[in-house]
Amino acid sequence: MVLLPKPLIFLHDLSFALFTFHEEGLKASVDGVGLSMYTMWNSMRSTLIVPVFRCLVALYLIISVLVSIESVYMNLVILYVKLFDRKPEKVYKWEEMQKDMELGHQNYPVILIQIPMYNEREVFELSIGAACRLLWPSDRLIVQVLDDSTDPDIMELISTECAKWAKDINIKYERRDNRNGYKAGALKHGMRHSYVKQCNYVVIFDADFQPETDYLQRTIPFLIHNPELALVQARWKFVNANTCLLTRMQEMSLNYHFMAEQQSGSTRHAFFGFNGTAGVWRIAAMEEAGGWKDRTTVEDMDLAVRVGLLGWKFVFINDVE
């Protein structure tokens with residue numbers, strides 16, 4: 001045991017007392033701050049956060065009810081179409097294209113087909129071949145392959161395929177110096193060529209799309225005989241729908257989109273979007289709306305909205321693939 005002088009013992013006791021008092025005071029201060037913050041949180045939660053969340057929940061419930069009502073309404077429209085056979089051919093004027101004995105094929109409008117591509121090694125041959133086999137006078141048809149491929153081997157393959165069809169079809173293999181705007185940029189660049197000026201309508205097929213041979217025969221008459229129409233949209237058919245559960249679910253989702261949403265909108269003369277492929281556009285309507293814009297990656301919907309706001313109508317053909 002170490003004996004300390006009385007003055008040092010006094011200082012030790014004093015410092016210990018001060019430290020104990022400070023610690024107790026600090027603890028009391030911290031407890032007070034915590035209690036104050038907890039009280040403020042409860043007050044803010046009850047007066048601000050809870051009412052906001054209640055309003056959001058009510059808003060979501062209202063939106064869910066509206067979406068459900070819309071879904072029921074669209075399905076009722078589809079039921080009406082099926083029961084009364086209200087096909088577009090009966091709603092709009094439609095006449096089969098026929099060769100004129102005096103004019104020959106001159107009564108057929110000149111059609112531009114655009115096929116944008118990017119390194120499409122697996123499908124380029126099928127899509128180009130399907131477009132070139134469409135039933136339409138060859139002198140009234142221009143197939144434009146817009147190749148943005150970066151692989152030299154694929155570029156050579158696509159160019160060779162186009163050269164093979166060039167013997168019988170007016171096919172153009174087009175490239176550009178950059179990929180600005182991606183698909184929208186390619187489509188916009190394709191419309192700038194001088195030979196496009198002779199075309200009345202433009203058909204857009206993605207590189208994996210293979211249209212039926214009578215596609216033009218069934219869609220173009222809508223635009224010829226109905227000057228208020230800007231777009232004829234066909235549906236898609238899936239070649240790998242049964243590959244797995246995921247592809248089957250995707251097919252079911254897109255079939256609902258086509259049959260319920262787009263067919264219903266077309267029947268009600270309401271707006272519906274362009275699907276980006278399998279559609280025929282009236283070039284005059286596109287130009288009036290400003291053409292393709294590469295400001296967004298949803299260029300198909302962007303163009304459809306701008307054209308629709310100008311008062312043009314769209315028609316969806318559910319049995320053309």
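A residue counts as buried when its relative accessible area is under 20%. Keep that cut-off in mind as you look through these close-ups of a predicted model.

**View 1. Cys 162 sits in the buried class.** Cys 162 has a relative accessible area of 3%, so this residue is buried. Now look at Cys 244: its relative accessibility is 37%, which makes this residue partly exposed.

**View 2. Cys 162 is in no disulfide.** A disulfide is a covalent bond that links the sulfur atoms of two cysteines. To be counted here, the two sulfur atoms must lie within 2.5 Å, and the count comes to zero. For Cys 162, the nearest cysteine sulfur belongs to Cys 132 and is 7.5 Å away.

**View 3. Strand S6 pairs with S4 and with S5.** Find strand S4 (residues 201-204), which pairs with S6 in the antiparallel sense over four bridges. Within this pairing, Val 203 has Val 280 of S6 as its bridge partner. Strand S5 (residues 229-234) also runs antiparallel to S6, joined by three bridges.

**View 4. Strand S6 (residues 279-282) is covered on both faces.** Gly 279 and Trp 281 are buried on one side, while Val 280 and Arg 282 are buried on the other.

**View 5. Helix H9 (residues 299-309) has buried residues, among them Leu 303 and Val 307.** What do the buried residues of H9 pack against? Their partners are helix H5 (182-190), S5, S6, helix H8 (283-288) and strand S7 (313-317). Just after H9, look for Gly 311, which takes a positive phi of about 95°.

Technical notes
Residues are numbered from 1 along each chain as its sequence is written. This is a predicted model: local features need pLDDT of at least 70, side-chain atom pairs count only at pLDDT 80 or more; totals for chains, interfaces and linings use all residues. Side-chain values use heavy atoms; hydrogens and water are left out. Buried means under 20% relative accessible area, exposed over 50%, partly exposed in between (1.4 Å probe, protein chains only). Helices (H or I, at least four residues) and strands (E, at least two) are DSSP runs, numbered from the N terminus. Two strands pair if DSSP finds at least two bridges between them. Contact means heavy atoms within 4.5 Å.
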